[in-house]
Amino acid sequence: MADTDFDPNQLSISQQEALGTYTAVTNQEPAAAIPLLERSQWNVQIAIAKFFDGEAPDPVEEARASLGSSPAPPSQSSHQETLMNGFSRSSRQQLRSRPDPAPRIAPQPENQNLYRPPFLLTLLFTPFNLLYRLLSGSLRLFTYLFPFLPRLLSGSAGGRVRPRRPRDTSGRKPLNPRDTAARFAREFEEEYGQHELKFFENGYAQAYDLTKKDLKFLLVILLSPEHDDTSTFVRGTLLSPEVVSYVNDPQNKIILWAGSVQDSEAYQVSTALNCSKFPFAAVVAHTPQDSSTSMSTIARISGLVPPSAFVPRLQSAIQQHSAALERARASRNEQQATRNLREEQNSAYERSLAQDRERARQRREEEETRLRAERDAEAKAEAKERQIQNLEQWRLWRAQSIPPEPKSSSDKITRVSIRMASGERVVRKFRAEADIEELYAFVECYDVLSKISASSPTTEPTNYEHQYRFRLVSPLPRVVYDLASGETIGSKVGRSGNLLVEPIDDEDT
C-alpha cells in the first residue's frame with residue numbers, strides 16, 4: 001500500500017474511519033496519509049502527532065533490530081507493553097479488532113437545583129468574573145480570526161478529536177428524555193415531511209437498556225442542524241427506501257434512536273461514542289465475548305455516505321455480531337426455560353404441599369368433629385344417666401313425704417279417680433286441705449311407693465330441680481289443674497273427681 005495508487009475498498013472499516021479522521025484533521029491527501037498511518041499501525045493519535053511534530057526514528061523498529069542483533073534478557077522477553085517497546089503486532093491487531101465500549105448515558109435531571117453562592121461571595125468574585133469574561137471573549141475572537149490554530153493545537157497535543165458542540169442559538173428548552181425525543185421527531189417530520197422510520201420514543205438510556213435486555217442492535221443517528229451535509233444525508237441516505245426497508249425489517253432487530261446535538265442528551269451521546277464528523281451513525285450492541293454485561297460500538301459511519309455504502313456497512317456489522325447474539329439469546333432462552341421449569345416444579349410442589357396440608361386439615365377437623373361428637377354423646381349419656389338417677393332418687397325421697405291415705409270417716413277428704421299414662425286407673429282419697437302438688441307427687445311416685453323403706457331413708461338429690469313431665473286434667477269439662485295456681489285439692493277438685501294424666505312433650509314446653 002506504499003505506492004500512490006490505492007483502492008479505498010481494500011481498507012477495512014476501522015482503517016477507513018482512521019483515514020477519514022486523519023485527513024479531516026491534517027487536510028493531507030489520502031495517498032500520502034496511508035504510509036504514515038501504516039507506520040503508526042493505523043493509530044490516529046500517533047499519526048497526527050507525527051504529522052505536526054515531525055516523524056522521529058521508529059522505536060518499534062529500533063527495538064526489533066536490537067532484539068535481532070543481540071539476545072534480550074529473559075525479563076525483557078516477557079509481554080511488557082511500555083511506550084518504548086510498544087505492543088506486539090498480535091496485541092495491536094487484537095485491540096483494533098475489539099470494539100470500543102459504549103457507555104450508558106443518563107442525562108442530567110431537568111429539575112436539578114443549581115448551586116447559588118452567597119451574595120457576599122458573589123460580590124467578592126465579581127472582578128474575577130468580569131476578567132474571565134473579557135479574556136474568554138478575546139480568545140473567541142482570536143479563534144474566529146485564526147480558525148486553524150485550535151486544530152493545530154489539538155493535533156500537537158495528541159488528543160482525540162472531539163466534535164465541537166454547537167452553540168445553542170435557538171433557545172431550546174431542556175426537557176426530559178421522552179419529551180426531547182418527541183420534540184426531535186416532530187421537528188424532523190416538519191423539516192423532511194412524512195416518513196416511515198420508527199424512532200424510539202424515549203431517551204438514549206432507555207433505548208440502551210432495551211437493546212441490552214432484548215439482545216437487539218441500537219442504531220444511533222446524530223444530526224447537527226448547522227452542518228451543510230445534514231439535509232443531503234437525511235433526504236438522500238436516511239430516508240432512502242433501502243435504508244428505511246432495512247431498518248424497519250423486524251428480522252434485523254434494530255432499534256432506531258436519533259437526536260440533535262443541539263440537545264444536551266444527544267451531545268453527551270456524541271461525546272461518548274467518539275463522534276468525529278456529522279452526520280454520524282453508530283451501531284451499539286451487546287458483546288457477550290467481552291463480558292456478560294458489556295455493550296460496545298460495533299460500527300461507526302461518519303459523514304455523507306450514500307445508501308449503497310450505508311446499508312452494506314450496517315449489514316456487515318450486524319452479520320458479524322449476530323452469531324454471538326444468537327448464542328447469547330439461546331443461552332438466555334435456555335436459562336429462562338430452566339427457570340420457568342424450576343418455577344413450574346416449585347409451583348406444582350407448592351400446590352401438592354397445599355393439597356396435602358388441606359387433606360391433613362380436613363382429617364384433623366373430621367377427627368376433632370368425631371371426638372367432639374363422641375364427647376357430646378358421652379356427656380349427653382352421662383347427663384341422661386344422671387337425670388335418671390336423680391329422678392329415681394327424687395321419687396324415692398318425695399315418696400317418703402307423701403302422707404298415708406286418710407280414713408273414709410274423715411269429713412275433709414277428696415276422692416280422686418286417676419287414669420295413669422299406662423292406662424291403669426287408681427282411686428285414692430286425699431286430704432282436702434292438701435296442696436295440689438301432693439296429687440302430682442302421688443302420680444309421679446306411684447311406682448315407688450311400695451319400695452319405701454323406713455329403715456333406710458333416701459336423701460334429696462343435690463343440684464337437682466324436679467319438673468313434672470305431665471299434667472292432670474279433668475275430661476268433662478276439660479280443666480287443667482296447674483301447679484302454678486297453688487290451690488288445694490278440695491278447692492280445685494271438690495269432694496270427688498276423675499282426672500287424666502297427660503304427658504307433656506318437649507314441644508309443649
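Helices (H or I, at least four residues) and strands (E, at least two) are themselves DSSP runs, numbered from the N terminus. The structure is a predicted model, in which local features need pLDDT of at least 70 and side-chain atom pairs count only at pLDDT 80 or more, while totals for chains, interfaces and linings use all residues. Residues are numbered from 1 along each chain as its sequence is written, and side-chain values use heavy atoms, with hydrogens and water left out.

Burial is judged by relative accessible area: under 20% is buried, over 50% is exposed, and partly exposed lies in between (1.4 Å probe, protein chains only). Because 5 of its 7 residues are buried, β6 is largely enclosed by the rest of the structure.

Leu499 also belongs to a nonpolar core. Such a core is a set of buried Ala, Val, Leu, Ile, Met, Phe, Trp, Tyr and Cys residues joined through side-chain atoms within 4.5 Å. The largest one has 34 residues, and those with the most contacts inside it are Phe188, Leu219, Ile221 and Phe310. Elements that give two or more residues to this core include α9 (177–192), β2 (217–223), β3 (254–260) and α14. Helix α14 gives the most, with 7 residues. Contact here means heavy atoms within 4.5 Å; leaving aside residues up to four places away in sequence, Leu219 touches several residues, among them Val247, Trp257, Val283 and Leu314. Apart from this core lies another, of 26 residues, including Val443, Val448, Ile489 and Leu499.

Side chains of opposite charge can pair when their charged atoms come close. With a salt bridge defined as a side-chain nitrogen of Lys or Arg within 4 Å of a carboxyl oxygen of Asp or Glu, the count comes to 19. Glu358 is partly exposed at 32% relative accessibility, and Arg361 is partly exposed at 30%. Arg395 and Glu392 make another bridge, at 3.9 Å from N to O, and are likewise separated by about one helical turn because they are 3 residues apart in α14. In this pair Arg395 is buried at 13%, whereas Glu392 is partly exposed at 32%.

A further salt bridge joins Glu437 to Arg398, their closest N and O atoms being 2.7 Å apart. This pair links distant parts of the chain, with Glu437 in helix α15 (residues 436–444) and Arg398 in helix α14, 39 residues apart. Glu437 is partly exposed at 24%, and Arg398 is buried at 11%. Salt bridges that share partners also join Glu358, Arg361 and Glu365 into one network.
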